Amino acid sequence: MAHVPQIKIPATYFRGGTSKGVFFRRQDLPEVAQEPGEARDKILMRVIGSPDPYGQQIDGMGGATSSTSKTVILDKSTQPDHDVDYLFGQVAINKAFVDWSGNCGNLTAAVGAFAISGGLVDPERIPENGICTVRIWQKNIQKTIIAHVPITNGEVQETGDFELDGVTFPAAEVVIEFMDPADGEGSMFPTGNLVDELEVPAFGDKPAATYQTTMINAGIPTIFVNAVDIGYTGTELQKDINGNADVLAWFEHVRAHGAVKMGLISDIEEAVARQHTPKIAFVAPATAYEASSGKQISADDIDVCVRALSMGKLHHAMMGTASVAIATAAAVPGTLVNLAAGGGEREAVIFGHPSGTLRVGAAAEQQSNGDWTAKKAVMSRSARVVMEGFVRIPGDTF
(Lines give C-alpha, C1' and ligand atoms only; values in the text may rest on other atoms or scores of the structure.)
Protein backbone atom coordinates (compact mmCIF):
# COMPACT_ATOMS: atom_id res chain seq x y z
CA MET A 1 0.00 0.00 0.00
CA ALA A 2 1.33 3.45 -0.93
CA HIS A 3 1.53 6.01 1.84
CA VAL A 4 1.55 9.78 1.51
CA PRO A 5 4.93 11.18 2.60
CA GLN A 6 5.32 13.79 5.30
CA ILE A 7 5.43 17.48 4.50
CA LYS A 8 7.53 19.99 6.37
CA ILE A 9 6.40 23.43 7.54
CA PRO A 10 8.74 26.22 8.71
CA ALA A 11 8.16 26.76 12.43
CA THR A 12 9.78 27.98 15.63
CA TYR A 13 9.33 26.43 19.06
CA PHE A 14 9.25 29.21 21.64
CA ARG A 15 9.14 29.47 25.38
CA GLY A 16 7.14 32.57 26.21
CA GLY A 17 6.55 33.40 29.87
CA THR A 18 5.61 30.13 31.59
CA SER A 19 4.24 28.56 28.40
CA LYS A 20 5.63 26.95 25.25
CA GLY A 21 4.16 26.88 21.78
CA VAL A 22 4.80 26.35 18.08
CA PHE A 23 4.97 29.62 16.12
CA PHE A 24 4.25 30.01 12.40
CA ARG A 25 4.27 32.84 9.93
CA ARG A 26 0.94 32.65 8.11
CA GLN A 27 2.73 32.75 4.74
CA ASP A 28 4.67 29.60 5.66
CA LEU A 29 1.59 27.46 6.29
CA PRO A 30 0.20 25.29 3.50
CA GLU A 31 -2.06 27.47 1.36
CA VAL A 32 -5.18 25.66 2.52
CA ALA A 33 -4.31 26.58 6.13
CA GLN A 34 -3.59 30.25 5.55
CA GLU A 35 -7.25 30.99 6.24
CA PRO A 36 -9.41 29.82 9.15
CA GLY A 37 -11.13 26.48 8.73
CA GLU A 38 -11.06 22.75 9.21
CA ALA A 39 -7.77 22.25 7.34
CA ARG A 40 -5.94 24.75 9.55
CA ASP A 41 -7.27 23.14 12.71
CA LYS A 42 -6.31 19.65 11.54
CA ILE A 43 -2.78 20.78 10.73
CA LEU A 44 -2.28 22.47 14.10
CA MET A 45 -3.67 19.50 15.99
CA ARG A 46 -1.36 17.12 14.12
CA VAL A 47 1.64 19.36 14.82
CA ILE A 48 0.86 19.34 18.55
CA GLY A 49 -0.10 15.64 18.64
CA SER A 50 -3.85 15.86 19.29
CA PRO A 51 -6.31 14.39 19.82
CA ASP A 52 -4.47 11.90 21.99
CA PRO A 53 -6.61 9.44 24.00
CA TYR A 54 -3.50 8.64 26.04
CA GLY A 55 -3.26 12.31 27.05
CA GLN A 56 0.49 12.48 26.41
CA GLN A 57 0.88 14.07 22.93
CA ILE A 58 3.84 11.75 22.30
CA ASP A 59 3.41 12.00 18.51
CA GLY A 60 3.66 15.77 18.36
CA MET A 61 5.18 18.93 19.79
CA GLY A 62 2.75 19.29 22.69
CA GLY A 63 3.78 18.64 26.26
CA ALA A 64 0.49 17.23 27.54
CA THR A 65 -0.38 20.32 29.59
CA SER A 66 -2.45 23.40 28.85
CA SER A 67 0.77 25.45 29.05
CA THR A 68 2.44 23.48 26.26
CA SER A 69 -0.44 22.64 23.92
CA LYS A 70 -0.37 25.96 22.11
CA THR A 71 0.03 27.35 18.60
CA VAL A 72 0.59 30.85 17.25
CA ILE A 73 0.16 32.29 13.75
CA LEU A 74 1.68 35.69 12.95
CA ASP A 75 1.32 37.91 9.93
CA LYS A 76 2.11 41.50 8.96
CA SER A 77 -0.66 43.54 10.49
CA THR A 78 -3.65 44.74 8.51
CA GLN A 79 -4.39 47.28 11.26
CA PRO A 80 -3.12 50.88 11.08
CA ASP A 81 -0.19 51.64 13.41
CA HIS A 82 0.42 47.98 14.20
CA ASP A 83 3.33 45.77 13.19
CA VAL A 84 1.98 42.26 13.49
CA ASP A 85 -1.29 40.35 13.75
CA TYR A 86 -1.16 37.68 16.46
CA LEU A 87 -3.58 34.73 16.36
CA PHE A 88 -3.53 32.16 19.16
CA GLY A 89 -4.90 28.61 19.04
CA GLN A 90 -5.23 26.56 22.24
CA VAL A 91 -5.15 22.91 21.18
CA ALA A 92 -7.16 20.45 23.25
CA ILE A 93 -5.14 17.45 24.36
CA ASN A 94 -7.58 14.55 24.13
CA LYS A 95 -10.23 16.14 21.93
CA ALA A 96 -10.22 17.14 18.25
CA PHE A 97 -10.59 20.81 18.97
CA VAL A 98 -8.70 24.10 18.65
CA ASP A 99 -10.07 26.90 20.83
CA TRP A 100 -9.75 30.34 19.22
CA SER A 101 -11.82 32.17 21.85
CA GLY A 102 -9.04 33.91 23.77
CA ASN A 103 -5.46 35.10 23.97
CA CYS A 104 -2.37 33.58 25.59
CA GLY A 105 -0.68 36.25 27.65
CA ASN A 106 2.43 34.20 28.32
CA LEU A 107 3.19 33.49 24.67
CA THR A 108 2.61 37.19 23.98
CA ALA A 109 6.11 37.66 25.40
CA ALA A 110 7.51 35.76 22.40
CA VAL A 111 5.38 37.44 19.72
CA GLY A 112 7.54 40.54 19.45
CA ALA A 113 10.74 38.53 19.21
CA PHE A 114 9.36 36.22 16.54
CA ALA A 115 7.93 39.16 14.59
CA ILE A 116 11.32 40.89 14.56
CA SER A 117 13.30 37.76 13.64
CA GLY A 118 10.69 36.70 11.09
CA GLY A 119 10.83 39.93 9.10
CA LEU A 120 7.37 41.11 10.13
CA VAL A 121 8.61 44.37 11.68
CA ASP A 122 9.88 47.23 9.49
CA PRO A 123 13.72 47.16 9.78
CA GLU A 124 13.71 50.93 10.24
CA ARG A 125 11.88 50.45 13.54
CA ILE A 126 14.51 48.08 14.94
CA PRO A 127 17.38 49.84 16.77
CA GLU A 128 20.93 48.54 16.61
CA ASN A 129 20.95 48.51 20.40
CA GLY A 130 18.13 49.33 22.79
CA ILE A 131 14.43 48.49 22.93
CA CYS A 132 12.22 47.73 19.94
CA THR A 133 8.59 48.59 20.57
CA VAL A 134 6.46 46.02 18.71
CA ARG A 135 2.82 46.97 18.19
CA ILE A 136 0.73 43.79 18.24
CA TRP A 137 -2.86 43.35 17.13
CA GLN A 138 -4.31 40.41 19.07
CA LYS A 139 -6.83 38.98 16.61
CA ASN A 140 -8.64 36.62 18.99
CA ILE A 141 -9.79 39.43 21.26
CA GLN A 142 -9.34 42.43 18.92
CA LYS A 143 -6.99 44.29 21.26
CA THR A 144 -3.67 46.10 21.09
CA ILE A 145 -0.64 44.79 22.96
CA ILE A 146 2.73 46.55 23.12
CA ALA A 147 5.88 44.45 23.57
CA HIS A 148 9.17 46.10 24.52
CA VAL A 149 11.83 43.74 23.15
CA PRO A 150 15.54 44.23 23.97
CA ILE A 151 17.86 44.41 20.95
CA THR A 152 21.63 43.88 20.94
CA ASN A 153 23.70 44.36 17.78
CA GLY A 154 20.55 44.46 15.68
CA GLU A 155 19.18 41.13 16.92
CA VAL A 156 16.70 40.09 19.58
CA GLN A 157 18.43 39.65 22.93
CA GLU A 158 17.18 36.51 24.63
CA THR A 159 19.67 36.01 27.44
CA GLY A 160 19.72 38.10 30.59
CA ASP A 161 19.34 38.05 34.35
CA PHE A 162 15.57 38.55 34.63
CA GLU A 163 14.05 35.78 36.74
CA LEU A 164 10.44 34.66 36.36
CA ASP A 165 8.90 32.27 38.88
CA GLY A 166 7.82 29.15 37.03
CA VAL A 167 10.78 29.35 34.61
CA THR A 168 13.99 27.63 35.65
CA PHE A 169 16.60 29.82 33.98
CA PRO A 170 16.95 33.62 33.77
CA ALA A 171 16.55 35.45 30.46
CA ALA A 172 16.11 38.95 29.04
CA GLU A 173 13.17 40.94 30.39
CA VAL A 174 10.32 41.74 28.00
CA VAL A 175 7.82 44.31 29.25
CA ILE A 176 4.29 43.73 27.96
CA GLU A 177 1.50 46.32 27.95
CA PHE A 178 -2.04 45.05 27.44
CA MET A 179 -3.90 48.13 26.21
CA ASP A 180 -7.56 48.60 27.10
CA PRO A 181 -7.73 44.99 28.34
CA ALA A 182 -11.45 45.02 29.17
CA ASP A 183 -14.04 43.72 26.73
CA GLY A 184 -14.77 46.53 24.31
CA GLU A 185 -18.23 45.20 23.46
CA GLY A 186 -19.70 45.46 26.94
CA SER A 187 -19.05 46.08 30.59
CA MET A 188 -15.80 44.89 32.13
CA PHE A 189 -18.13 43.16 34.57
CA PRO A 190 -20.57 41.39 32.23
CA THR A 191 -23.30 41.00 34.85
CA GLY A 192 -23.02 44.65 35.86
CA ASN A 193 -22.00 43.64 39.39
CA LEU A 194 -18.64 43.56 41.16
CA VAL A 195 -19.83 40.55 43.17
CA ASP A 196 -22.49 38.08 42.09
CA GLU A 197 -24.26 35.17 43.71
CA LEU A 198 -23.64 32.14 41.49
CA GLU A 199 -26.05 29.26 42.01
CA VAL A 200 -24.36 25.93 41.34
CA PRO A 201 -26.52 22.78 41.23
CA ALA A 202 -25.46 19.63 43.03
CA PHE A 203 -22.70 17.66 41.36
CA GLY A 204 -21.41 14.26 42.46
CA ASP A 205 -21.11 14.34 46.24
CA LYS A 206 -21.16 18.15 46.25
CA PRO A 207 -24.53 19.60 47.28
CA ALA A 208 -26.11 22.55 45.52
CA ALA A 209 -24.63 25.81 46.74
CA THR A 210 -24.51 29.52 46.07
CA TYR A 211 -21.08 31.13 45.87
CA GLN A 212 -19.95 34.71 45.86
CA THR A 213 -18.11 35.39 42.62
CA THR A 214 -16.45 38.22 40.75
CA MET A 215 -16.83 37.80 37.01
CA ILE A 216 -14.58 40.01 34.93
CA ASN A 217 -13.69 40.29 31.27
CA ALA A 218 -10.22 41.84 31.27
CA GLY A 219 -7.31 40.04 29.68
CA ILE A 220 -9.48 36.96 29.51
CA PRO A 221 -12.95 36.22 30.91
CA THR A 222 -12.38 34.97 34.46
CA ILE A 223 -14.56 33.78 37.34
CA PHE A 224 -13.13 34.40 40.81
CA VAL A 225 -14.40 32.66 43.95
CA ASN A 226 -13.21 32.82 47.54
CA ALA A 227 -10.95 29.87 48.39
CA VAL A 228 -12.48 29.47 51.85
CA ASP A 229 -15.98 29.13 50.37
CA ILE A 230 -14.97 26.05 48.37
CA GLY A 231 -12.84 24.41 51.05
CA TYR A 232 -9.37 25.62 50.02
CA THR A 233 -6.72 27.93 51.45
CA GLY A 234 -5.41 29.50 48.23
CA THR A 235 -1.96 27.97 48.81
CA GLU A 236 -2.62 24.72 46.94
CA LEU A 237 -0.18 23.26 44.42
CA GLN A 238 -0.96 21.14 41.36
CA LYS A 239 -0.54 17.89 43.28
CA ASP A 240 -3.29 18.94 45.69
CA ILE A 241 -5.94 19.23 42.98
CA ASN A 242 -4.96 17.73 39.63
CA GLY A 243 -4.87 14.15 40.86
CA ASN A 244 -8.56 14.17 41.81
CA ALA A 245 -10.78 13.72 38.76
CA ASP A 246 -13.96 14.38 40.78
CA VAL A 247 -12.64 17.74 42.00
CA LEU A 248 -11.59 18.77 38.49
CA ALA A 249 -15.01 17.78 37.13
CA TRP A 250 -16.67 19.89 39.84
CA PHE A 251 -14.54 22.92 38.96
CA GLU A 252 -15.59 22.47 35.33
CA HIS A 253 -19.22 22.27 36.49
CA VAL A 254 -18.85 25.60 38.30
CA ARG A 255 -17.00 27.14 35.34
CA ALA A 256 -19.79 26.14 32.96
CA HIS A 257 -22.48 27.75 35.11
CA GLY A 258 -20.35 30.85 35.48
CA ALA A 259 -19.89 31.02 31.71
CA VAL A 260 -23.67 31.03 31.27
CA LYS A 261 -24.09 33.81 33.84
CA MET A 262 -21.39 35.84 32.07
CA GLY A 263 -23.30 35.47 28.81
CA LEU A 264 -20.45 33.65 27.07
CA ILE A 265 -22.58 30.59 26.36
CA SER A 266 -26.32 29.96 26.46
CA ASP A 267 -26.22 26.44 27.87
CA ILE A 268 -23.74 24.65 30.12
CA GLU A 269 -23.28 21.92 27.50
CA GLU A 270 -21.55 24.48 25.28
CA ALA A 271 -18.70 24.76 27.79
CA VAL A 272 -17.24 21.51 26.44
CA ALA A 273 -16.41 23.28 23.19
CA ARG A 274 -15.11 26.38 24.97
CA GLN A 275 -12.45 25.07 27.31
CA HIS A 276 -10.07 28.02 27.00
CA THR A 277 -12.53 30.64 28.26
CA PRO A 278 -13.63 31.59 30.81
CA LYS A 279 -11.00 30.74 33.38
CA ILE A 280 -11.93 29.89 36.95
CA ALA A 281 -9.75 30.97 39.86
CA PHE A 282 -9.90 31.12 43.64
CA VAL A 283 -8.45 33.79 45.90
CA ALA A 284 -7.39 34.16 49.52
CA PRO A 285 -5.63 36.74 51.69
CA ALA A 286 -1.83 36.69 51.64
CA THR A 287 -0.63 33.52 53.34
CA ALA A 288 2.82 31.95 53.63
CA TYR A 289 3.39 28.75 51.64
CA GLU A 290 6.05 26.69 49.92
CA ALA A 291 6.07 27.02 46.13
CA SER A 292 6.43 24.00 43.86
CA SER A 293 10.17 24.70 43.52
CA GLY A 294 10.63 24.61 47.29
CA LYS A 295 10.91 28.41 47.48
CA GLN A 296 9.40 29.84 50.65
CA ILE A 297 6.81 32.54 50.00
CA SER A 298 6.16 34.83 52.96
CA ALA A 299 2.83 36.54 53.51
CA ASP A 300 4.82 39.77 53.44
CA ASP A 301 6.01 39.00 49.90
CA ILE A 302 2.54 39.16 48.38
CA ASP A 303 -0.78 40.99 48.51
CA VAL A 304 -3.03 38.03 47.73
CA CYS A 305 -2.97 34.32 46.92
CA VAL A 306 -4.50 33.20 43.62
CA ARG A 307 -4.87 29.78 42.05
CA ALA A 308 -6.34 29.33 38.56
CA LEU A 309 -7.39 26.43 36.39
CA SER A 310 -6.66 26.24 32.68
CA MET A 311 -8.11 23.66 30.30
CA GLY A 312 -9.44 21.67 33.25
CA LYS A 313 -6.27 21.55 35.38
CA LEU A 314 -4.73 23.74 38.06
CA HIS A 315 -2.08 25.84 36.32
CA HIS A 316 1.53 25.36 37.40
CA ALA A 317 2.03 29.14 37.67
CA MET A 318 -0.39 31.71 36.25
CA MET A 319 -1.72 32.37 32.78
CA GLY A 320 -0.62 35.78 31.48
CA THR A 321 -4.13 36.77 30.51
CA ALA A 322 -5.49 35.68 33.91
CA SER A 323 -2.74 37.81 35.47
CA VAL A 324 -4.28 40.79 33.68
CA ALA A 325 -7.70 39.82 35.05
CA ILE A 326 -6.26 39.51 38.57
CA ALA A 327 -4.54 42.91 38.46
CA THR A 328 -7.56 44.64 36.96
CA ALA A 329 -9.96 43.11 39.47
CA ALA A 330 -7.57 44.02 42.30
CA ALA A 331 -7.67 47.65 41.14
CA VAL A 332 -11.47 47.86 41.53
CA PRO A 333 -12.54 48.37 45.15
CA GLY A 334 -15.10 45.79 46.22
CA THR A 335 -14.25 42.82 43.99
CA LEU A 336 -13.34 39.54 45.65
CA VAL A 337 -9.75 39.93 44.46
CA ASN A 338 -9.54 43.47 45.80
CA LEU A 339 -11.03 42.47 49.16
CA ALA A 340 -8.70 39.47 49.51
CA ALA A 341 -5.79 41.82 48.80
CA GLY A 342 -6.87 44.11 51.64
CA GLY A 343 -9.30 46.40 49.82
CA GLY A 344 -8.88 50.02 48.82
CA GLU A 345 -7.42 51.56 45.68
CA ARG A 346 -4.30 50.14 44.06
CA GLU A 347 -2.44 50.39 40.77
CA ALA A 348 -0.46 47.15 41.11
CA VAL A 349 -0.75 43.81 42.82
CA ILE A 350 1.75 41.11 43.77
CA PHE A 351 0.04 37.75 43.88
CA GLY A 352 1.25 34.34 44.94
CA HIS A 353 0.76 31.42 42.55
CA PRO A 354 1.93 27.77 42.73
CA SER A 355 5.38 28.56 41.30
CA GLY A 356 6.03 31.78 43.21
CA THR A 357 5.01 35.41 42.81
CA LEU A 358 4.21 37.91 40.07
CA ARG A 359 3.73 41.67 40.08
CA VAL A 360 1.26 43.15 37.59
CA GLY A 361 0.29 46.79 37.28
CA ALA A 362 -3.21 47.89 36.31
CA ALA A 363 -5.23 51.07 36.69
CA ALA A 364 -9.03 51.04 36.64
CA GLU A 365 -11.40 53.97 36.29
CA GLN A 366 -15.12 54.26 36.98
CA GLN A 367 -17.09 56.02 34.26
CA SER A 368 -19.93 58.48 34.77
CA ASN A 369 -22.45 55.71 34.02
CA GLY A 370 -20.98 53.56 36.80
CA ASP A 371 -19.17 51.11 34.51
CA TRP A 372 -15.52 50.34 35.12
CA THR A 373 -12.78 50.35 32.52
CA ALA A 374 -9.03 49.75 32.50
CA LYS A 375 -6.49 51.72 30.46
CA LYS A 376 -3.84 49.02 30.45
CA ALA A 377 -2.14 46.28 32.42
CA VAL A 378 1.63 45.89 32.52
CA MET A 379 3.83 42.93 33.39
CA SER A 380 7.31 41.64 32.75
CA ARG A 381 7.92 38.27 31.11
CA SER A 382 10.73 36.67 29.14
CA ALA A 383 11.00 34.53 26.03
CA ARG A 384 13.50 32.55 24.04
CA VAL A 385 13.72 30.28 21.01
CA VAL A 386 13.99 26.64 22.03
CA MET A 387 14.20 25.21 18.51
CA GLU A 388 13.66 26.44 14.97
CA GLY A 389 13.46 24.87 11.56
CA PHE A 390 10.60 22.69 10.35
CA VAL A 391 7.83 20.60 11.84
CA ARG A 392 6.67 17.59 9.85
CA ILE A 393 3.20 16.13 9.52
CA PRO A 394 1.77 13.42 7.26
CA GLY A 395 0.74 14.83 3.90
CA ASP A 396 -2.79 13.41 4.21
CA THR A 397 -3.47 15.30 7.46
CA PHE A 398 -5.71 17.76 5.63
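Phe-14 is buried, and so is Phe-114, where buried means under 20% relative accessible area, exposed means over 50% and partly exposed lies in between, with a 1.4 Å probe and protein chains only. This is a predicted model, in which local features need pLDDT of at least 70 and side-chain atom pairs count only at pLDDT 80 or more, while totals for chains, interfaces and linings use all residues. Residues are numbered from 1 along each chain as its sequence is written, and side-chain values use heavy atoms, with hydrogens and water left out. Helices (H or I, at least four residues) and strands (E, at least two) are DSSP runs, numbered from the N terminus.

**Aromatic rings**

- The structure holds eight aromatic pairs, a pair being two rings of Phe, Tyr or Trp (its six-membered ring) with centres within 6.5 Å, called stacked if the planes are under 30 degrees apart, edge-to-face if over 60 and tilted for the rest.
- The rings of Phe-14 and Phe-114 have planes at 90 degrees and centres 6.1 Å apart, so this pair is edge-to-face.
- That pair links distant parts of the chain, since Phe-14 lies in strand β1 (residues 6-16) and Phe-114 in helix α2 (residues 105-117), 100 residues apart.
- Another edge-to-face pair is formed by Trp-250 and Phe-251, with 5.3 Å from centre to centre and 65 degrees between the planes, and both of these residues are buried.
- Trp-250 and Phe-251 also belong to a cluster in which ring pairs link them with Tyr-211, Tyr-232 and Phe-282.

**Charges over rings**

- The charged end of Lys-8 sits over the ring of Phe-390, 4.6 Å from its centre; a charge sits over a ring if NZ of Lys or CZ of Arg is within 6 Å of the ring centre and within 35 degrees of the ring normal.
- Arg-307 lies over the face of Tyr-289, at 4.6 Å from the ring centre.

- Helix α4 (residues 245-262) has 18 residues and reaches 25 Å from its first C-alpha to its last, close to the 26 Å expected at 1.5 Å a residue, where the expected span is 1.5 Å times one less than the number of residues.
- Just after α4, Gly-263 takes a positive phi of about 85 degrees.
- In helix α5 (residues 320-330), 11 of the 11 residues are buried, so α5 is largely enclosed by the rest of the structure.

**Strand β3 and its partners**

- Strand β3 (residues 70-76) is mostly covered, with six of its seven residues buried.
- Strand β2 (residues 19-25) pairs with β3 in the parallel sense over four bridges, and two strands pair if DSSP finds at least two bridges between them.
- Within this pairing, Val-22 has Thr-71 in β3 as its bridge partner.
- From β2 the chain crosses through helix α1 (residues 38-48) to β3 in a right-handed β-α-β crossover, which is to say that, with the strands pointing away from the viewer, the path from the first strand over the helix to the second runs clockwise.
- Strand β4 (residues 84-91) runs antiparallel to β3 and is joined to it by seven bridges, with Asp-75 standing opposite Asp-85 in β4.

**Strand β7 and its partners**

- Seven of the 10 residues of strand β7 (residues 143-152) are buried, so β7 is largely enclosed by the rest of the structure.
- Strand β6 (residues 130-138) pairs with β7 in the antiparallel sense over nine bridges, and Val-134 stands opposite Ala-147 in β7.
- The hairpin of β6 and β7 has four residues between the strands, and in it Gln-142 takes a positive phi near 60 degrees.
- β7 also pairs with β9 in the antiparallel sense, over four bridges, and the bridge partner of Ile-145 in β9 is Phe-178.

**A buried threonine**

- Thr-214 lies in strand β11 (residues 209-218) and, at 0% relative accessibility, counts as buried.
- A polar atom of the Thr-214 side chain lies 2.7 Å from the backbone oxygen of Leu-194, and the side chain of Thr-214 reaches the backbone nitrogen of Leu-336 at 3.0 Å; a polar contact is a pair of N or O atoms within 3.5 Å, where within protein one must be able to donate a hydrogen and the other to accept it, and residues adjacent in sequence count only if both atoms are side-chain atoms.
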